[in-house]
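Subject: Structure handover

Hello,

Here is the structure I promised to pass on. My notes follow below it.

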Amino acid sequence: ASDVYKRQAHWIGAVTAITGLAVSGGVVWATRIGASWALGREAMGFGDVTLMAMAGAWLGWQACLLACLLGVFIGLV
């Protein structure tokens with residue numbers, strides 16, 4: 001089983017990075033669209049979306065969702 005993992009490790013890393021990019025970028029993009037609609041003007045630049053997508057590709061989608069959740073609560077305080 002470990003030999004199969006070694007041969008496919010690069011695919012696992014690529015899929016994990018693309019998933020992190022899509023999930024974390026998508027969460028911030030949805031937040032951007034919702035906040036812009038609620039405020040009636042641009043609430044967030046697209047650089048925020050690309051920055052979070054890059055962080056998601058590097059750290060994974062779990063860490064970026066946690067960062068978004070913590071950011072909301074820290075902002076409320």
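This is a predicted model.

Ala 22 sits in helix α1, which spans residues 2-39. Its relative accessibility is 48%, so Ala 22 counts as partly exposed. I also checked its separation from Trp 58. Ala 22 and Trp 58 lie 36 residues apart in sequence. In space, their C-alpha atoms are 12 Å apart.

Ser 24 is also in helix α1. Is Ser 24 buried or exposed? Ser 24 counts as buried, because its relative accessibility is 2%. Leaving out residues up to four places away in sequence, Ser 24 touches Met 52, Ala 53, Gly 56 and Cys 64.

Next, Thr 19. Thr 19 lies in helix α1. At 31% relative accessibility, it counts as partly exposed. Compare its distances to Leu 39: 20 residues in sequence, and 30 Å in space from C-alpha to C-alpha.

Now the salt bridge. The structure holds 1 of them. Glu 42 pairs with Arg 32, and the closest N and O atoms are 3.0 Å apart. The pair links distant parts of the chain. Glu 42 is in the loop between α1 and α2, Arg 32 is in helix α1, and 10 residues separate them. The two ends differ in accessibility. Glu 42 has 51% relative accessibility and so counts as exposed. The cut-off for exposed is over 50%. Arg 32 has 18% and so counts as buried. The cut-off for buried is under 20%.

Which backbone oxygen lies 2.9 Å from a polar atom of the side chain of Arg 32? That of Met 44. The contacts of Arg 32 are Glu 42, Met 44, Gly 45, Phe 46 and Val 49, again not counting residues up to four places away in sequence. The salt-bridge partner, Glu 42, is therefore on that list, as the bridge has its closest N and O atoms 3.0 Å apart and contact means heavy atoms within 4.5 Å.

The rings of Trp 29 and Phe 46 have their centres 5.4 Å apart, with their planes at 80°, so the pair is edge-to-face. This pair, too, links distant parts of the chain. Trp 29 is in helix α1, Phe 46 is in helix α2 (residues 46-59), and the two are 17 residues apart. How accessible are they? Trp 29 is partly exposed, because its relative accessibility is 42%. Phe 46 is partly exposed as well, because its value is 39%.

Also in helix α2 is Met 54. Met 54 has a relative accessible area of 48%, so it is partly exposed. I looked at its separation from Ile 18. Met 54 and Ile 18 are 36 residues apart in sequence. Their C-alpha atoms are 9.8 Å apart in space.

Last, the surface. Which residues form a nonpolar patch there? Leu 66, Leu 69, Leu 70, Val 72, Phe 73, Ile 74 and Leu 76. Together they have about 730 Å² of accessible area. One of them, Leu 69, is found in helix α3, which covers residues 61-76. Leu 69 has 46% relative accessibility, so it counts as partly exposed.

To recap the pairs: the salt bridge joins Glu 42 and Arg 32, and the edge-to-face pair joins Trp 29 and Phe 46.

Best wishes

Notes:
Residues are numbered from 1 along each chain as its sequence is written. This is a predicted model: local features need pLDDT of at least 70, side-chain atom pairs count only at pLDDT 80 or more; totals for chains, interfaces and linings use all residues. Side-chain values use heavy atoms; hydrogens and water are left out. Patches are made of residues with over 30% relative accessible area and no salt bridge: like charges are joined within 9 Å, nonpolar side chains (Val, Leu, Ile, Met, Phe, Trp, Tyr) within 5 Å. Accessible areas come from the Shrake-Rupley method with a 1.4 Å probe; for residues, only the protein chains shown count as cover. A salt bridge is a side-chain nitrogen of Lys or Arg within 4 Å of a carboxyl oxygen of Asp or Glu. Helices (H or I, at least four residues) and strands (E, at least two) are DSSP runs, numbered from the N terminus. Buried means under 20% relative accessible area, exposed over 50%, partly exposed in between (1.4 Å probe, protein chains only). Rings of Phe, Tyr and Trp (its six-membered ring) pair if their centres lie within 6.5 Å; planes under 30 degrees apart count as stacked, over 60 as edge-to-face and the rest as tilted. A polar contact is a pair of N or O atoms within 3.5 Å; within protein, one must be able to donate a hydrogen and the other to accept it, and residues adjacent in sequence count only if both atoms are side-chain atoms.
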